[in-house]
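Please keep the model open as you read.

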Amino acid sequence: MSTLEAMKFDQLVDTARYPLSDLESAEARAVVTRARQELETVGCTVLPDFVRASLLDALRQECADIAPRAHFDVETVNVYNIPVDADLPADHPGRRTFQRGNAFVARDRIPADALISRLYSHTVFQRFIARCFGLPQLHQLADPLSGLVLNVVSPGMEHPWHFDTNEFTVSMLTQQAQDGGVFEYCPHIRSPHTESFDDVRDVLDGRGERLTRRLPLKPGDLQLFKGRYSLHRVSPVQGDIARHSAIFAYSERPGVIGSVARTRQLFGRVLPAHEAAEGRAVRGDQLLD
């Protein structure tokens, strides 16, 4: 790693607390070990105050400035992001529907010099994330829209219960809601081989308190999460301030591009890269989605 690259990382991240420029150091290994243990036991880990405190105002303002670029469309969805009219048994949790009111700013509408862009593309950050998830390396998505996005949940809206397509998720809150907007999740509610429909149904029907955790987050906290197997949501945002969070999407394989249908659902548009890649996706499991 060049000296310039290290300096840029040091400027972004509180490296006194997270000395990650040298991942072989005892301090860095301790951070990684804790993250791995929490991901294994509760499916989620948070690194508080990951971004330098002196940058929090700039982080919030940069994201607030681009938030109006989000594609907004209230949509009826289910937790599996499959068609709501799919042929399913009457008591199947996929028949429970919700209004998804969050919006996404696509990567091609986020400035390359924004703090979240610099962090997403930084090789030190990528190596660190890979180690936390126990992977040899990670790649930025080749998708021109969904590699890095800003998730915007406006007052009165929510990001309802769902599972992620990716096995793991990396995110950072950049602006708190005035009220509400709490991240709630059900760790390991399903596995690569078991859907656990009964437990999922209990959560959706309001009987899943025993399965649910609520996670307090502050702007600048880094969250690593196994969203493929943990049902999760952002509760309805209340008050006058929207909730903003950056989502950093990586893959174990290079060249990953989202499907045409899912891309149009999230961003209201597709690009030639999506059409060219259609049908080449390789599934890692046989879960409903």
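## Surface and charge

Accessible areas come from the Shrake-Rupley method with a 1.4 Å probe, and for residues only the protein chains shown count as cover. On that basis, the protein chain has an accessible surface of about 13400 Å², and carbon and sulfur atoms hold 50% of that surface.

This is a predicted model, in which local features need pLDDT of at least 70, side-chain atom pairs count only at pLDDT 80 or more, and totals for chains, interfaces and linings use all residues. Residues are numbered from 1 along each chain as its sequence is written, and side-chain values use heavy atoms, with hydrogens and water left out.

Turning to charge, there are 33 positive side chains (Lys and Arg) and 38 negative ones (Asp and Glu), with His and the chain ends not counted. The centres of the two sets lie 2 Å apart, placing each charge at NZ of Lys, CZ of Arg, CG of Asp or CD of Glu.

## Overall fold

The protein chain has eight helices and 16 strands; these are DSSP runs numbered from the N terminus, with helices (H or I) of at least four residues and strands (E) of at least two. Its C-alpha atoms fill a box of roughly 60 × 45 × 35 Å along the principal axes.

Among contacts (heavy atoms within 4.5 Å) with a separation of 6 or more, 84% join residues 24 or more positions apart.

## Nonpolar cores

Of the 289 residues, 50% are buried, meaning under 20% relative accessible area with a 1.4 Å probe and protein chains only; exposed is over 50%, and partly exposed lies in between. A nonpolar core is a set of buried Ala, Val, Leu, Ile, Met, Phe, Trp, Tyr and Cys residues joined through side-chain atoms within 4.5 Å.

The largest such core has 51 residues, and Phe-50, Phe-125, Phe-128, Leu-222 and Phe-248 touch the most other members. Helix H5 (residues 123–132) gives the most to this core, with six residues. A second, separate core of 13 residues includes Phe-98, Trp-161, Phe-163 and Leu-231.

Leaving aside residues up to four places away in sequence, Phe-128 touches Leu-20, Leu-23, Val-31, Val-32, Leu-47, Phe-50 and Leu-222.

## Two loop residues

Which residue sits in the loop between strand S1 (44–47) and helix H3 (56–66)? Asp-49 does, and its phi is near 55°, a positive value in a residue other than glycine. Asp-49 counts as partly exposed because its relative accessibility is 28%.

Asn-81 also has a positive phi, near 55°. Asn-81 lies in the loop between strand S2 (75–77) and strand S3 (98–100).
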